[in-house]
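Please keep the sequence and the structure in view while reading.

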Amino acid sequence: MSKGMKNNGFAGRLRATREARSMSASDLAKLLDVTPTAVWNWEKNDVVPRPDMLSSIAQVLGVTKEFLQNGEDVSSCLKTVSLEAMPLEDLMKAIEAKGFNVSVSPKSI
């Protein structure tokens, strides 16, 4: 993440972080279970979401709430996300957001 992201305000940090993850605004909306318009308002109109949604956004993007809010700790804000630590439902949503169909069936013994 570039140092310039620190001074872009919430909207700029959100957009730059989303783009750094190769995620479209629609992808983010699907993962957060919100409308693309909500993401658009956050990025274009600098609307700051509710605290609980801010936490969800930070988790999906792998950054801290503090980074999104005020750009603090830019170098240490990225979280390493292990696939083992990601709930199956979230992993499936992330894959589906990229245009793939995902289904789960019981393992045959």
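In which helix is the place of Leu54? Leu54 belongs to helix α4. The model discussed here is predicted, so local features are given only at a pLDDT of at least 70 and side-chain atom pairs only at pLDDT 80 or more, while totals for chains, interfaces and linings use all residues. Residues are numbered from 1 along each chain as its sequence is written, and side-chain values use heavy atoms, with hydrogens and water left out.

## The chain as a whole

The secondary structure comprises six helices and zero strands. Here helices (H or I, at least four residues) and strands (E, at least two) are DSSP runs, numbered from the N terminus. Along the sequence, the pattern reads α-α-α-α-α-α. The chain has 109 residues, of which 31% count as buried. Buried means under 20% relative accessible area, exposed means over 50%, and partly exposed lies in between, for a 1.4 Å probe and protein chains only. A contact means heavy atoms within 4.5 Å. Among contacts between residues at least 6 apart in sequence, 52% join residues at least 24 apart.

## Helix α4 and its residues

Leu54 has a relative accessible area of 2% and is therefore buried. Leaving aside residues up to four places away in sequence, Leu54 touches Phe10, Pro49, Lys65, Leu68 and Gln69. From Leu54 to Glu66 the separation is 12 residues in sequence and 9.6 Å in space, C-alpha to C-alpha.

The buried residues of α4 are Met53, Leu54, Ile57, Ala58 and Leu61. Viewed down the axis of α4, these buried residues fall within an arc of 140°, so they line one face of the helix. The arc is that of the directions from the helix axis to the C-beta atoms. The buried residues of α4 pack against α1, α2, α3 and α5 (65-70).

Ser56 is also found in α4. Its relative accessibility is 30%, and Ser56 therefore counts as partly exposed. Ser56 and Leu31 lie 25 residues apart in sequence and 9.3 Å apart in space, C-alpha to C-alpha.

## Helix α3

Which residues of helix α3 (residues 36-44) are buried? They are Ala38, Val39, Trp42 and Glu43. Seen down the axis of α3, its buried residues fall within an arc of 130°, so they line one face of the helix. The buried residues of α3 pack against α1 (9-20), α2 (25-32) and α4 (51-61).

## Two helix pairs

The axes of α1 and α3 are 7 Å apart, and the two helices pack at an angle of about 120°. This makes α1 oblique to α3. Axes are lines fitted to C-alpha atoms, for helices over the stretch in contact, and angles run from 0 to 180 degrees between N-to-C directions. Angles under 35 degrees count as roughly parallel, over 145 as roughly antiparallel, 65 to 115 as roughly perpendicular and the rest as oblique. On the α1 side, the contact with α3 is made by Phe10, Ala11, Leu14, Arg15 and Arg18, and on the α3 side by Trp42, Glu43 and Lys44. The residues of this contact divide into four nonpolar, no polar and four charged. In this grouping, Ala, Val, Leu, Ile, Met, Phe, Trp, Tyr, Cys and Pro are nonpolar, Asp, Glu, Lys and Arg are charged, and the others, Gly among them, are polar.

For α2 and α4, the axes come within 10 Å and cross at roughly 120°. This makes α2 oblique to α4. The contact involves Leu28, Leu31 and Leu32 of α2, together with Met53, Ser56, Ile57, Val60 and Leu61 of α4. Its residues divide into seven nonpolar, one polar and no charged.

## Residues with a positive phi

Most residues other than glycine have a negative phi.

| Residue | Phi |
|---|---|
| Ser22 | about 55° |
| Asp33 | near 60° |
| Asp46 | about 55° |
| Gly62 | about 75° |

Ser22 lies in the loop between α1 and α2, and its relative accessibility of 57% makes it exposed. Asp33 lies in the loop between α2 and α3, and is exposed as well, with a relative accessible area of 68%.
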